[in-house]
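Please read it alongside the sequence and the coordinates.

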Amino acid sequence: MMMVDEDIDILVNDPYLFERTTKAQYYKHLNEKKSYYAPSVNNGGYKVGSQIIIREKKIKFDVRRVGDDYFYHKWQKSMLDNYIFKNNVKILNQSDQFYSLIYHEIIHKGFFRKKSFKKIIKLKPFLKFQGKKNSKDINILKEQLNDFIFRSAYKFVCPKEFSLGCNSNCLKNKYNFNFFKVSHFKEMILSIKQLKWHLLKDLSLRNIKNSSNLKIIFYFLYYFSRIMLYLKYFGIIRFKFMTVYTWLNLKSLFR
Ligand SMILES: [Zn+2]
């Protein structure tokens with residue numbers, strides 16, 4: 001029997017086939033009050049959190065797909081080609097496990113979490129140190145990842161899921177402010193103009209994970225956009241306009 005508490009990350013080459021055969025349901029876009037609220041991939045968005053019913057239990061899956069720039073697409077294809085078996089399930093081979101975990105922590109999350117570090121240390125054949133979590137060892141891991149990406153002719157890419165960090169590539173963009181390490185500045189301005197609060201929320205998260213020097217401002221923008229989503233959920237923004245509209249009409253009636 002399988003006990004699953006966490007989301008399972010699955011990489012697929014044909015998401016439509018996967019959705020049809022597993023009857024996967026995207027559910028995370030439903031509730032504006034939740035921190036992960038945003039439209040899902042089947043709804044013109046970018047969230048891939050889904051649930052699949054297996055033996056009458058709801059199991060959560062993040063359905064990553066080739067070309068979503070979670071990792072460079074050539075690496076994703078190689079991951080799918082060079083799998084190994086564990087309990088009759090296809091999983092990443094040890095090398096891909098090792099480098100994708102480091103990539104996920106450094107690029108997507110912006111820092112090393114304890115439990116991921118433990119997982120990395122278990123992949124001994126690739127380790128170039130004793131296995132303690134200190135800045136020196138983390139720097140060695142970073143160098144190892146850089147070597148791997150360069151050696152394989154892969155790239156660091158910007159994920160289509162906006163709440164993940166994207167780092168160096170996007171910071172080199174000429175429209176962004178290198179000095180403050182702000183990425184996707186134009187998109188953030190646009191999200192405010194278009195009142196797309198989920199986009200502002202997720203791009204703020206991205207800049208926090210990218211370790212921007214303006215982190216504090218992005219925390220503010222993150223909470224601000226969450227408040228706006230709350231108001232939207234309770235219909236308060238619309239209510240305000242309705243009140244103004246009714247007031248103006250009443251005024252003209254009694255004139
Ligand atoms: Zn980016």
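This is a predicted model: local features need pLDDT of at least 70, side-chain atom pairs count only at pLDDT 80 or more; totals for chains, interfaces and linings use all residues.

1. By residue class, the contact of α7 with α8 comprises five nonpolar residues, one polar and one charged.

2. The geometry of this pair may be stated as follows. Helix α7 covers residues 185–193, and α7 and α8 pack with their axes 8 Å apart at an angle of about 155°. Angles over 145 degrees count as roughly antiparallel, and α7 and α8 are therefore roughly antiparallel to each other. The crossing in which α7 passes α8 is left-handed.

3. Just after α8, serine 211 adopts a positive phi of about 55°.

4. The axes of helix α3 (residues 94–109) and helix α5 (residues 135–151) come within 10 Å and cross at roughly 115°. Because angles of 65 to 115 degrees count as roughly perpendicular, α3 and α5 are described as roughly perpendicular to each other. This crossing of α3 past α5 is left-handed.

5. From α3 they are Tyr99, Ile102, Tyr103 and Ile106, and from α5 they are Leu141, Lys142, Leu145 and Phe148. The contact of α3 with α5 divides into seven nonpolar residues, no polar residues and one charged residue.

6. Is tyrosine 70 buried or exposed? Tyrosine 70 has 25 other C-beta atoms within 10 Å, and the threshold for burial is 20 or more, so tyrosine 70 is buried. Its place in the chain is the loop between β4 (57–65) and α2 (73–81). Leaving aside residues up to four places away in sequence, tyrosine 70 touches Arg64 and Pro159. The C-alpha atoms of tyrosine 70 and histidine 108 are separated by 8.5 Å, although these residues are 38 residues apart along the chain.

7. Lysine 77 belongs to helix α2. A residue is partly exposed when its neighbour count falls between the limits of 12 or fewer for exposed and 20 or more for buried; lysine 77 has 15 C-beta neighbours inside 10 Å and therefore counts as partly exposed. Between the C-alpha atoms of lysine 77 and valine 12 the separation is 9.4 Å, and the two residues are 65 residues apart along the chain.

8. Some overall values complete the note. The protein has ten helices and six strands, and its C-alpha trace spans about 85 × 50 × 30 Å along the principal axes. Of the 255 residues in the protein, 26% are buried. Among contacts with a separation of 6 or more, 51% involve residues 24 or more positions apart.

Key:
Residues are numbered from 1 along each chain as its sequence is written. Helices (H or I, at least four residues) and strands (E, at least two) are DSSP runs, numbered from the N terminus. Axes are lines fitted to C-alpha atoms, for helices over the stretch in contact, and angles run from 0 to 180 degrees between N-to-C directions. Angles under 35 degrees count as roughly parallel, over 145 as roughly antiparallel, 65 to 115 as roughly perpendicular and the rest as oblique. A crossing is left-handed if the near helix is turned anticlockwise from the far one by less than a right angle, and right-handed if clockwise. Two residues are in contact if their C-beta atoms, placed from the backbone, lie within 7 Å. Ala, Val, Leu, Ile, Met, Phe, Trp, Tyr, Cys and Pro count as nonpolar, Asp, Glu, Lys and Arg as charged, and the others, Gly among them, as polar.
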